[in-house]
Amino acid sequence: MNGYQEQPHLLDPHLEWMMNMMLEYVRREDCPPSLLHLSFKFLYIICKVRSYKIFMQILPHEVSDVEPVLQMISRQDPKDLETWETRYMLLLWLSMTCLIPFDLSRLDGYLMSTGGKKEDLVMNRILAIAKVSKVKQKCLGEFLDWSLTMISQSRDTSVRDMVLDGALQSLAKLFKHGKRDDLLQYAPTVLQCLEQKRLSESTEAMLRKLNVKLIQRLGLTFLKPRLAAWRYQRGSRSLVANLSMSLQSSSGAAQTPQDSDEQEEDYDIPEELEAVIELLLIGLKDKETIVRWSAAKGIGRVTGRLPKELADEVVGSLLDCLSFQETDSAWHGGCLALAELGRRGLLLPSRLKDVVPLIVKSLTYDEKRGACSVGSNVRDAACYVCWSFARAYEPKELEPFVSQIASTLLITTVFDRNINCRRAASVSSASPRFLFDNLNAAITRNCPDTLCCFQSVFIAGFPEYTKCMIDHLTAMKINHWDCAIRELATKALHNLTPQAPDYMATTGKQCHFTYTDLHSRHGAILACGEITHALYKVALQTNRYSYMVWYLTHNFKRRVFKIKLMIILFFFFTVCSLIEKLSLSKLPLKNDPVLTGWQWVIDDTLQTLHLISKQKIFAAVVSALSALCEGYYQDETDVLVSQYTEGLKSPQILTRCGSARALGCLPKVMIHNKLSQILEGLEQMCTITQKEGSFTEARRDAVRVIAQVCAKAGVCAHGRPDSVLCSENAAEVFGVLLSCLNDYTMSSRGDVGAWVREAAMTSLMELSILMQCVPHASVSRVKPLMCCLAQQAAEKIDRYRAHAIKVFLRLLHSTDPAIPHIPHREELLHIFPTVASLNWKAPSEAFKYITQLLGLPEYQYHTLLGLSVSVGGITESTVHFSSQSLFDFLKGIQGDSETLGQFGDTLLRIFRDSLHNDRVSVPLLKMLNQLLNNSCFEIFTTQENHQFCVDILDLCKEFKKSKDISKLSACVSVFCGLIQFQGKVRKRVLSQLLLLLCHPFPVIRKTTANQMYEMLLTYDDIIDAEILEDVMTCLSDTNWLSDLAIVRTHRNQLCDWLEVPRPQLVAKVTVYHY
């Protein structure tokens, strides 16, 4: 049942059958006691998870159930502590059977028991069990004394005491259901005990809640049960009365007695009531919501029985809770209490002028506490107050406040950072009391579930709400403590500017950069940029911001190094964003000195990127530089290009990345006549050297920028290489990008070279489409590109495999323009039709297409090279589906020895090329082992001394001096697979295996012996049957982990049995130099 603790309602469809299953055992007359108790124990567990209030509703409560339940209860032993669950469930069951709509006297009768004695009346038996006979006279005082004694004697209220908890709950129930006349004499004593105990200071929330609950019941006991005649009544609570009223009277004014004092009954208010109200007000400020909610309900109930003057004093005390000297808990409790009073008609319209301004403040209440904020519960409770007001008062009572409340509710609906508050505000603002007629659609259209409402301008299209939304954003959101809220607020200001451009221009003046609060300064800078850009879009020409921008850049330059590192990160992004927006606004700043300050900010940021490794800053700097260059730099080019090309050689990787991205965002006019210089610097950065092997991110950015620069420069077949991409420099650019597809740099982060390969694939695709006007270079470009893409599409990493296939298909199916000279185009179109719906990241879907490329000679080498890494990998799903697809392909060519021979030659060529490349050689050996074990070369095994086996054996012998355990283990597996080949090569294979039995690494000796044992079990024709048992016994019983001298004796014995020459120790030759 633990899985249902969070959402117990999920048990509801199953409660009935589970209960019936248990009750079947309970109702059996021959049910043993152990089974009975076990059944009730299971029922108790279900009841505890779902809560007894829900579970008891499905218990059977027919007349026929009363007698059996009574008999089972009477047989229970109250002192048996092991079976308390049985008594609990039986009492719960009995409480339901007592609700049957029949007089219990009908069940009375003298029934003969099993012993021949007559049973008591049913009612007497129930009363005997409940112990209620004359309980008021005999036990009430005694019980209250015991309860107060337990409360007084409990010492540590910081720990939840079960006795204290039970005493408080019992008293609360007693004062709730008991008669006032019987309990009134004891109420002052109980209240005095609670005051002395000071449970409101306990650290246990449940004890404080029970304390508040009991206090409110005591307050209701002190007052007579009555409805306040002075309360505000809107209509009638009776549906029949409402229907009988005429239409005019039903829409008339609310019924508020003019002279409530005369209608009120004069009686004295006990002095203890002041203490009750004071304790309830303290409960409204409790730190736990459950305590505040209980106190709020208590305030509402007690106030409903007070005279008008005293009730007004309570309202005044509640308003004191909504002051800025109080905590968020007090604000929340005060809002809950006001909602209760309004819902019950106890908050008279005369008080609305005092209450509404505080509720409006509560709707936007937000205070920072450490790294987070508090106030979402206050705003949610304020929405509840508005909801209750809309249903409690007549329209004319709320008419003076509708505009104020509706504006604030709509602001909360679209601008609150908490989803629950947005939902609550949307529900409250949907009331006809708070909306103009044309805004019903606005609330329906604006989804309150996402923060994208920050950028919604639909509501701002209504003039009643435009300025208040702008004022809220500038006053409360652009200086918010959360950076994300400030950024979203400035974007909202940008989108709202077209609704009120003149007002927004005036508001923008209030966004000062001289705020001492860093949050306010950050928001003001962002807002200035967004508003200026928006004003530019609506064709309002202004240069009033030049002074502010000048002050910003120079003030930033003087003070930035005096600020802590986090603030540097903070303002680098801010100022770069401002520069971008002001540049896009085309301010008349041509040849203005302020541009020098902007350029300094960008250059300084690029030079210090190694201190601020944040992608957000990267994007901001690049965007700012791009906008600045496009807006103001049309003539000067030499200085910036030289500066950024020098930055490509920086020892700081992030400075290299920033310089590369800066070159990529330069406009075409700045690249003209500098293309060769830029490409040379980028190509040098793409080259992997031992010293620069860790600069993976820089190479990735350089690869991306090459395509961006070439796209901006344009393509012309016979153009100048320093201005455009032409036939002279195209081959070099293409060759650099192709070489980047072989970047398999590894680090502690894994295969980081995949970043470069992914960028290279994208850049090659863009350039291939761009370079169609250089036709004579197409053949030399397209073929290696498609082959390399096939290799990447067959490799093991899902993300990059999917990207390679998408690029491959994009080039294959490209029609505008069509890519010429693709090898085997027709066959490829047959293999890869338009299959855009496939999930290429899933190995189960991708490899069955990729392996079909093995049948195309031009793609076989690269595809098999990529497959070898996947089939011999370690990811289970990739290995399974890639190997299965490869086996399916090989099964299809088993009957064609020529095609299989060509496949074997390709495999050998990959083996030779990757002999010293552990990234390929180890997975290749594992793949070769799988191919041999699945008899993929069975046609070769029938021929003696087949060259394929000989070549594989010679290549594997190259690894005998390796110290890589995984490589040596893979070689052992391949040797055992090669044993199936016929001829003298079998003796050579056995010789290599016997050599490995005396390898210096004990684990290799043990692995070789185990696999040789399995090999002899699989291939029983290797040795004579006469010696087979001896050989297998020697392999299994020998401790191959012992010393080499001992192991060598057993190995030599195996050599003799297998008729293989014993390996001879080679004496080490020491060369002395004189």
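Let me begin with Phe 832, which is buried at a relative accessible area of 1%. By buried I mean under 20% relative accessible area, by exposed over 50%, and by partly exposed anything in between, using a 1.4 Å probe and protein chains only. Please note that this is a predicted model, in which local features need pLDDT of at least 70 and side-chain atom pairs count only at pLDDT 80 or more, while totals for chains, interfaces and linings use all residues. Residues are numbered from 1 along each chain as its sequence is written, and side-chain values use heavy atoms, with hydrogens and water left out.

I turn now to the aromatic pairs. The whole structure contains 21 of them. Rings of Phe, Tyr and Trp (its six-membered ring) pair if their centres lie within 6.5 Å; planes under 30 degrees apart are stacked, over 60 edge-to-face, and the rest tilted. One of these pairs joins Phe 324 to Trp 331, tilted at 50° between the planes and 5.4 Å centre to centre. Here Phe 324 is exposed, at 55% relative accessible area, whereas Trp 331 is buried, at 0%.

Phe 832 and Trp 840 also form a tilted pair, because their planes meet at 55°, with ring centres 6.3 Å apart. Trp 840 is buried, with a relative accessible area of 5%. Both residues belong to one aromatic cluster, together with Phe 808, Tyr 849 and Tyr 859.

Finally, charges over rings: NZ of Lys or CZ of Arg must be within 6 Å of the ring centre and within 35 degrees of the ring normal. Arg 919 sits over the face of Tyr 744, 3.5 Å from the ring centre. Arg 781 lies over the face of Phe 734, at 5.5 Å from its ring centre.
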